[in-house]
Amino acid sequence: MRKGKQTWEFENEPAIIATGVTGGPFEARGRLAEDFDILHDDLWIKEQSYEKAHQRLIEEAVQAALEKAGLRKEDIHFFIAGDLINQLSPTNFAARTYGIPYFGIFSACATSMEGLALAANILNHGNAEYIVTGAASHNGAVERQFRYPTEYGGQKPPTAQWTVTGAGFAVLSSKRANYPNEPVVSRATIGKVIDMGMNDPFNMGGAMAPAAAETIFAHFQDTGLDPAYYDLIVTGDLGKIGRSTALELLEKKGIKLAEKQFQDCGLLIYREDQPVQAGASGAASSATVIYGHLLKLMKKGAIQRMLCVATGALLSPLTVQQKETIPCIAHAVAIEMKMGMMH
């Protein structure tokens, strides 16, 4: 059911029944290493190219999620996923491996929550029983496409962010009653493309902050909820600069969030001493942190309700070369624990 202009409410509350999260060597040294199912000790992951390694991260995350859910690929009705590489090549090839009916989607680093919103909407209306959704990125593949090959050793400004090597995937079910102790997707707010005229591909956080603020504001406008309803409002990869900008913009719109309540996946994943400048980025930033770390915290009872706002900069190598500005988007999905409150 639609609420307001941009928000869906899912009265049947599709359940997130299992997740699979994979990562690379830099993530293995990060703050959330124990929340990954599989960590690799080199970027090549025994493959011939970074793009093939990227594909493998996706396949392994999907496999881990399916195994935890006790399902086979034949049980899944749709596979909804995307990445940052040209025409979603790694995800397309992973979809070929699995042979599940497939929606390839792109919202840059907002892809994880776009997929979750679409999956929940399809399940909510009885159009599938099980869906796998997620997103992935690979530092070597992404840096080569959007900036410079890492081997080039180009200097980066302090506003730059570190692309996460990883994949985060979830299995969702429409059969909420069968999974009373699992988190549910309760609502989603679909973002608009916001472009404030920024054109520096090394300052993604600053570019994406207005889109994040816009979507969060729309969510509370549409739902009539008080921001205090959520224990946690977490963005995908705003990093240090984007996070403080978003807080400021929200305050101007009359939404005051406590420092602790407003977090960013890109600031949670790595340790203080890892050289990531302004924080992490990449489609896997939100996907690994939400499907790994934060859902674990939910199951432990540390978080009851969270609003996950994945943020994406919709630029491409082509638009950068043509000196275009950076259009940005943010999609927000509410995930809640409703133990024993069966309808």
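The model is a predicted one.

**Stop 1: glutamate 13.** Select strand 2 (7-9) and strand 3 (15-23), then the loop between them, where glutamate 13 lies. Check its backbone: phi of glutamate 13 is positive, near 45°, and the residue is not a glycine. Is glutamate 13 buried or exposed? Its relative accessibility is 5%, so glutamate 13 counts as buried, the cut-off being under 20%.

**Stop 2: isoleucine 45.** Move on to the loop that joins strand 4 (38-39) to helix 2 (50-69); isoleucine 45 is found there. With a relative accessible area of 2%, isoleucine 45 is buried.

**Stop 3: helix 4.** Select residues 111-124, which make up helix 4. After helix 4 comes glycine 126, with a positive phi near 75°.

**Stop 4: helices 6 and 7.** Show helix 6 (residues 204-223) together with helix 7 (residues 239-252). Two packed helices are described by the angle between their axes and by the distance between those axes. For helix 6 and helix 7 the angle is about 40° and the axes are 8 Å apart. The two helices are therefore oblique to each other, and helix 6 passes helix 7 in a right-handed crossing.

Which residues meet here? Display these side by side:

- from helix 6: Gly205, Gly206, Ala209, Pro210, Ala213, Ile216 and Phe217
- from helix 7: Ile241, Gly242, Thr245, Ala246, Leu249 and Leu250

**Stop 5: helix 9.** Select residues 283-299, the 17 residues of helix 9. At 1.5 Å a residue, helix 9 should span 24 Å, which agrees with the 24 Å between its end C-alpha atoms. Where is the kink in helix 9 centred? Centre the view on isoleucine 290, where helix 9 has a kink of about 35°. Helix 9 is mostly covered, with 14 of its 17 residues buried. Finish at glycine 301, which follows helix 9 and has a positive phi near 90°.

Key: Residues are numbered from 1 along each chain as its sequence is written. This is a predicted model: local features need pLDDT of at least 70, side-chain atom pairs count only at pLDDT 80 or more; totals for chains, interfaces and linings use all residues. Side-chain values use heavy atoms; hydrogens and water are left out. Helices (H or I, at least four residues) and strands (E, at least two) are DSSP runs, numbered from the N terminus. The expected span of a helix is 1.5 Å times one less than its number of residues. The bend at a residue is the angle between axes fitted to the seven residues ending there and the seven starting there. Buried means under 20% relative accessible area, exposed over 50%, partly exposed in between (1.4 Å probe, protein chains only). Axes are lines fitted to C-alpha atoms, for helices over the stretch in contact, and angles run from 0 to 180 degrees between N-to-C directions. Angles under 35 degrees count as roughly parallel, over 145 as roughly antiparallel, 65 to 115 as roughly perpendicular and the rest as oblique. A crossing is left-handed if the near helix is turned anticlockwise from the far one by less than a right angle, and right-handed if clockwise. Contact means heavy atoms within 4.5 Å.
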